[in-house]
Amino acid sequence: MKQQTPAHSLEARLARIEAKLDEALTSVDFMRRRMTSYLGGGRAITYLADESPIYVNSNDFGPPANLINGGLYEADNLDVLFSFARDDSVFVDIGANLGVFSLQLARRLVAGQVHAFEPHPELGRLLSASAYLNGFSDLDGASGRIRLHRHGVGDFNGPISFAFPVGHLGGGHVGVSGGEVVRCEMRRLDDALGPDFVCDLMKIDVEGHELQALQGMPGLLARSKDIKILFEKLVAHCGYEADIEALLGAQGFSLYGVGADRRLALLAPGALSAYEGYVLAMRDAALAGARRDSFAIYPRQLFATPSALVETSARRLTVAGQQGALLCHGPYWLFRQGAYRVELIGDISGEIELTVAARFGHPVASFRLDGKTRMATFVAARDLVHCELVFRAVSREARVAIERIAVQTL
């Protein structure tokens with residue numbers, strides 16, 4: 001038998017060490033995504049998948065259970081909204097619950113605004129505390145990037161009763177049967193937000209009250225020409241589907257069913273009645289079959305090195321420097337496990353290095369880009385938390401003008 005050479009032995013040992021390290025990192029990821037501290041009184045603080053802290057009502061078997069067990073909740077629906085989000089988008093979250101959507105959109109809307117509507121007092125308190133803890137609002141939730149509105153959204157202004165099932169505050173509905181009854185105010189969105197308000201993104205999750213919520217915002221829908229509305233429709237044949245189709249159809253909206261793979265299926269007239277799931281309404285009938293698995297990084301979501309900054313605006317970031325200089329970096333978001341294509345939309349003079357890094361500086365992959373090559377692909381073997389794209393000058397002098405960075409999941 002041929003004796004194994006020391007080199008082969010070393011390679012085998014290194015392979016075993018690498019396998020054990022991968023196993024250890026997988027275990028660390030498991031623990032990281034399930035860190036939770038019980039605070040008493042049925043409340044806890046846990047973490048979303050991007051490590052944003054969030055307060056939860058830990059005795060609830062609805063969304064809090066998902067958040068405690070991995071930090072993900074309706075990830076595909078959130079990705080659909082991300083795919084349309086700009087840095088200055090205005091997002092309206094109707095039925096915000098604990099604020100999962102509000103918190104994660106707010107992290108990207110650095111020049112935008114989030115209006116979160118939640119009538120249950122306990123959920124409102126937890127959402128307000130989470131927004132404050134993440135730096136998105138004041139203690140009351142009245143000012144900041146996230147604005148909290150502590151009332152329901154419907155087709156009239158006045159007092160109303162909501163019933164919340166015991167142990168599931170996310171299942172609240174209009175009425176006085178089903179568990180805990182909460183008296184609060186109902187507001188038409190047109191009146192709550194004013195005659196000039198416009199928005200780009202909206203999520204409606206109001207347990208069968210979607211029609212009434214839409215009936216209270218005709219002015220907003222007319223003004224908001226590019227609005228995308230994601231609404232819940234989890235039960236077939238509710239009886240009000242034709243009214244929703246008529247209301248949105250009169251405003252020029254097309255309806256899409258959102259598939260589990262973020263693929264949009266155009267719903268023909270009358271098809272909403274039998275549909276169960278989430279629906280996207282938008283004034284574009286040309287996205288049938290499209291997958292909403294991409295997003296963009298905009299100039300204001302990046303951080304330029306002061307010495308490299310040439311020009312910055314809402315539309316463009318220009319940076320320049322000599323060989324080895326750090327030009328810009330960001331945005332410190334979560335890139336979930338998978339393969340990605342990154343394309344710089346803008347201009348490059350000279351040659352630069354683009355490094356994908358996680359956890360504030362740990363490199364994952366590096367590429368050379370220049371005036372002809374502005375695209376690269378990489379694989380994230382595991383979730384990249386606080387992921388950043390780092391730009392450095394390679395040639396003796398380099399200059400980059402960034403309009404946006406398009407990121408596509410492959």
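Two strands are taken to pair if DSSP finds at least two bridges between them. In this predicted model, strand 2 (residues 43-47) meets that condition with strand 3, the two being joined in the antiparallel sense over 5 bridges. Within this pairing, Tyr47 lies opposite Pro53 of strand 3.

The open sheet to which these strands belong has 3 strands in the order 1-2-3, with antiparallel pairing. Strand 1 (37-40) and strand 3 (53-57) each have a single partner strand and stand at the edges, so one side of each is left without a neighbour in the sheet. From one strand to the next, the twist averages 30 degrees. Helix 5 (residues 121-133) packs on the sheet and touches strand 2 and strand 3. The direction of helix 5 makes about 165 degrees with that of strand 3.

## Nonpolar cores

The largest nonpolar core comprises 45 residues. Ile54, Phe91, Leu105, Ile146 and Leu280 are the residues with the most contacts inside this core. Leaving aside neighbours within four places in sequence, Ile54 is in contact with Ala44, Ile45, Thr46, Tyr47 and Leu48, and also with Leu67, Leu98, Val100, Leu103 and Ser130.

Another core, of 34 residues, lies apart from the largest one. Cys328, Leu369, Leu384 and Ala398 are among the residues of this other core.

Strand 12 (residues 228-233) is mostly covered, with 6 of its 6 residues buried. In a regular strand, side chains alternate between the two faces of the sheet. In strand 12, Lys228, Leu230 and Glu232 point one way, while Ile229, Phe231 and Lys233 point the other way, and all are buried.

Strand 12 has a parallel partner in strand 11 (residues 201-204), to which 4 bridges join it. Phe231 stands opposite Val279 in strand 15.

## Surroundings of Leu201

Leu201 has its place in strand 11. Its relative accessibility is 0%, and Leu201 therefore counts as buried. Not counting residues up to four places away in sequence, Leu201 touches Leu81, Phe84, Ala85, Ser89, Val90, Phe91, Val92, Leu105, Ile227 and Lys228. The C-alpha atoms of Leu201 and Thr26 are separated by 35 Å, and the two residues are 175 residues apart along the chain.

## Pocket and cavity

Empty space left between atoms is shown by rolling over them a probe the size of a water molecule. The largest pocket holds about 630 Å³ of space. Its lining consists of 37 residues, with Asp50, Phe82, Arg108, Trp333 and Leu334 nearest the centre. Helix 3 (75-84), helix 4 (100-108), strand 16 (294-297) and strand 20 (326-335) each supply at least two residues of this lining.

The count of cavities of 30 Å³ or more comes to 1. The largest cavity has a volume of about 30 Å³. Phe82, Ala85, Arg108, Phe295, Ala296, Gln301 and Trp333 line this cavity.

Technical notes. Residues numbered from 1 in each chain as written. Predicted model: local features only at pLDDT ≥ 70, side-chain atom pairs only at ≥ 80, totals over all residues. Heavy atoms only, no water. Axes fitted to C-alpha atoms, helices over the stretch in contact; angles between N-to-C directions. Contact = heavy atoms within 4.5 Å. Core = buried A, V, L, I, M, F, W, Y, C linked by side-chain atoms within 4.5 Å. Buried < 20%, exposed > 50% of the residue type's maximum accessible area, 1.4 Å probe, protein only. 1 Å grid on protein atoms, 1.4 Å probe; cavity = no way out; pocket = protein on both sides within 12 Å on 5 of 7 lines; lining within 4 Å. Points joined across faces, edges and corners; volume = space filled by probe spheres on them.
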